[in-house]
Number of protein chains: 2
Amino acid sequence: MSELAKRYDLQAELARRQVRLTRQRRLLVDVIQGATRHLDAETLWKQAQARDPSINLATVYRTLGLLKKLGLVDELDLMHLEGEKHFYEVSREHRHLHLACFRCGSIVEYQTEAFEGLQKQVEAACGFSIQIGRLEFGGLCQECRRA
Amino acid sequence: MSELAKRYDLQAELARRQVRLTRQRRLLVDVIQGATRHLDAETLWKQAQARDPSINLATVYRTLGLLKKLGLVDELDLMHLEGEKHFYEVSREHRHLHLACFRCGSIVEYQTEAFEGLQKQVEAACGFSIQIGRLEFGGLCQECRRA
DNA sequence: ATTAATGCAAAGGATTTGCAATACC
DNA sequence: GGTATTGCAAATCCTTTGCATTAAT
């Protein structure tokens, strides 16, 4: 995650929606909120286990499912750079896209008005009301291009 | 697939690149080229089996892998509307995006200059050279909005 | 006392792989 | 004859689920 701009405050959002969580789920929310890069389920699990070794991977998946359903976290594929696992990030107010480098695996984020503009155009042209959008590019980052 | 506009001619592309295929792979290429909607591996397999019952699912995956590597077919997630399976389509000259309806499962395609414009903007801003791009929106189609 | 959340282990689905048999040039 | 492809079954990876136990209100 290159910029943390305008990520939801999960605790605040959950409070606002009057969602009550158990101790383990609060811990997971805390780890997700504090993440400095895109986490897969297993990495999240391991980070949570450092604070509570009894946490189970199934609980991680169930909590992620809940947060997805609430629209508080987004699930990413990141161009399937590492198998078919998913990655998770805290939702934001504005859309951003992901660039994945096929060579070094780095992930770059980029936020632009143009993405939201494109969405509006699509909604108007296709008659869809869009709830989720995912834009991912795969290629070579600046450094790997040279090599 | 709503429009077949400017899909690659797989046979022609393979010939141009001097790629020789076995009989089974040629059959699979033929089914992929003739598809009128987005196929998952198993559906492709069943359609191919109608013409050659001895075709194996592993061969389907291996052929898809080859065509992906050659940039002749693109792999789609289609918002994971039906589990985690992938869908495949013949690559095109111009980028297009996919809209998936969460209610009825319909898939709509939309091609716009704006998508390619956005890609150029991203390449310039982030220093990436982009090879693959995938833009998917999920929401409600016109009909399902009313219901 | 209900209702919901957890751990565990097993099941699940999609895809990939090892290897012996077969097809292709 | 040598290289690439195939079939088959097993393995793999990620994720979900059933169910008995435990926690939360």
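Author: A definition is needed first: rings of Phe, Tyr and Trp, the last by its six-membered ring, pair if their centres lie within 6.5 Å. Please note also that this is a predicted model.

Reader: How many aromatic pairs are found over all chains?

Author: The search covers the whole structure. One of the pairs is formed by A:Phe115 and B:Phe137, with 6.3 Å centre to centre, which lies within the 6.5 Å cut-off. Over all chains, the number of aromatic pairs is two.

Reader: Which class does the pair of A:Phe137 and B:Phe115 belong to: stacked, edge-to-face or tilted?

Author: Planes under 30 degrees apart count as stacked and those over 60 as edge-to-face, with the rest tilted. For A:Phe137 and B:Phe115 the centres are 6.3 Å apart and the angle between the planes is 45°. That angle falls in neither outer range, so the pair is tilted.

Reader: Why does the pair of A:Phe137 and B:Phe115 join two chains, and which elements hold the two residues?

Author: The pair joins two chains because its residues lie in elements of chain A and chain B. A:Phe137 belongs to strand E6 (residues 129-140) of chain A, and B:Phe115 to helix H5 (residues 113-126) of chain B.

Reader: Is A:Phe137 buried or exposed?

Author: Buried means under 20% relative accessible area. A:Phe137 has 0% relative accessibility, so this residue counts as buried.

Reader: Which residue is the bridge partner of B:Leu99 in E6(B)?

Author: Strand E4 (residues 96-101) of chain B is joined to E6(B) by four bridges, and the two run parallel. Within E6(B), B:Leu99 has as its bridge partner B:Phe137.

Reader: Which strands are the edge strands of the six-stranded open sheet?

Author: The order of this open sheet is E5(A)-E4(A)-E6(A)-E6(B)-E4(B)-E5(B), with mixed pairing. An edge strand here pairs on one side only. The edge strands are therefore strand E5 (107-111) of chain A and strand E5 (107-111) of chain B.

Reader: What is the distance from a polar side-chain atom of A:Tyr61 to a phosphate oxygen of DNA strand D?

Author: A:Tyr61 is among the closest of the 14 residues that surround DNA strand D. Sugar and phosphate account for 73% of the atoms of DNA strand D that come within 4 Å of the protein. From a polar side-chain atom of A:Tyr61 to a phosphate oxygen of DNA strand D, the distance is 2.4 Å.

Conventions:
Residues numbered from 1 in each chain as written. Chains lettered and ligands numbered in written order. Predicted model: local features only at pLDDT ≥ 70, side-chain atom pairs only at ≥ 80, totals over all residues. Heavy atoms only, no water. Near = heavy atom within 4 Å. Polar contact = N/O pair within 3.5 Å; in protein donor to acceptor, adjacent residues only side chain to side chain. Buried < 20%, exposed > 50% of the residue type's maximum accessible area, 1.4 Å probe, protein only.
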